[in-house]
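Subject: Structure for you to look at

Hello,

Here is the structure I promised to hand over. Please open it next to this email and follow along.

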Amino acid sequence: MAAGRPHRPRPLRRARGPAGPPRPRHPGTPGGRVRRAVEVLRAGALTTVQDLGRAGWAHLGVPRSGALDPAALRLANRLVGNPEPAAGLEITMTGCELRFPRAATVAITGADAAVRVGDRPGDVGRPLSVPAGAVLRIGPPRAGLRNWLAVGGGIDVEPVLGSRATDTLSGLGPPPLRDGDRLPLGTPTGPPAPVDLTVAPPTPAELRLTLRLGPRDDWFTAAALDLLFDGAYAVSPVGNRVGARLTGAALPRAVAGELPSEGIVLGAVQVPADGQPLIFLADHPTTGGYPVVGVVDDVTPLAQARPGTTVRFHGPQR
């Protein structure tokens, strides 16, 4: 990545481990000894370990990362009796398959998807008992993009800077899951929640996001701001946990010069040279060299936004 330039998100693809020595089969456990573990039979397109992120390190160039929908992970943890910050799995687009050598309680939240525990069906949004040796199969979302999985005791990989979250941009935390991985589990601390079925809300075909202008809205023409608030954009297939690229009317610049790199926050709407907005998500860089026209109040809806989803911006008072 060139100095002073932001990371350019690429299409989601099957994650591959970094070059170098093979990863340990039992990450996060000295000597590879795991008493409670989950085995990854099919990792899917992108499945990562996530918790609520590593807050408080931005001054050292480390973004928060963490689950793209923190509320969904918190709910999954509550359903299995975990503390809300416990680490779980974030599963993108294609589902995954896991085997539990020992009995466990799991919960899946997020998008509507077909779930099977061994030969029996399961529900999204409800605690599920997985017998010893059973395979948990989570299918592709019927709508939306992602699911979150909590296991009683939490995913107990080694924390980095106080978090077990996978940061796909910096490489902090455990690498994305691969077929054959084994993930250590912690000791359950509470019983599953006595709750009824929690139905995920339908994923809308159009998102309305509140956008607060600045700090570089003066780098764009008045016509550009009209286009931003009055037009419609579509989520591009070129996106990932770093950012959601949008396609639509290009935003003309009022200032044509170069901008020194400056801080980037969650929800920052950066406008690269092609004029197409880019909304930064959980694994965003901490600095970037293109102007930020504004910041989105809440990027959580983008966690389930498939390519082609319509995005409209409105100001706090609109």
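A strand here is a DSSP run of E with at least two residues, and strands are numbered from the N terminus. Keep in mind that this is a predicted model.

Start with Thr48. Thr48 sits in strand 2, which covers residues 46–50. Is Thr48 buried or exposed? The cut-off for buried is under 20% relative accessible area. Thr48 has 1%, so it counts as buried. What does the side chain of Thr48 meet? It makes a polar contact of 3.0 Å with the side chain of Gln50. Further along the sequence, Thr48 touches several residues, including Gly88, Leu89, Thr166, Pro176 and Arg241.

Next, look at helix 1, residues 70–80. Its buried residues are Ala72, Leu73, Ala76, Asn77, Leu79 and Val80. Look down the axis of helix 1: these residues fall within an arc of 160°, so they line one face of the helix. An α-helix has 3.6 residues a turn, so residues three or four places apart point the same way. What do the buried residues of helix 1 pack against? They pack against strand 2, strand 3 (88–92), strand 5 (104–110) and strand 10 (146–151). After helix 1 comes Gly81, with a positive phi near 85°.

Val40 has Leu98 in strand 4 as its bridge partner.

Last, strand 14, residues 243–247. How many of its 5 residues are buried? The count is 4, so strand 14 is mostly covered. Strand 14 pairs with strand 13 (residues 233–239) in the antiparallel sense, over 3 bridges. A hairpin of 3 residues links strand 13 to strand 14. Gly239 stands opposite Ala244. Strand 14 also pairs with strand 17 (residues 278–280), again antiparallel and over 3 bridges. There, Arg245 stands opposite Leu278.

Best wishes

Notes:
Residues numbered from 1 in each chain as written. Predicted model: local features only at pLDDT ≥ 70, side-chain atom pairs only at ≥ 80, totals over all residues. Heavy atoms only, no water. Buried < 20%, exposed > 50% of the residue type's maximum accessible area, 1.4 Å probe, protein only. Pairing = 2+ DSSP bridges. Polar contact = N/O pair within 3.5 Å; in protein donor to acceptor, adjacent residues only side chain to side chain. Contact = heavy atoms within 4.5 Å. Arc of directions from axis to C-beta.
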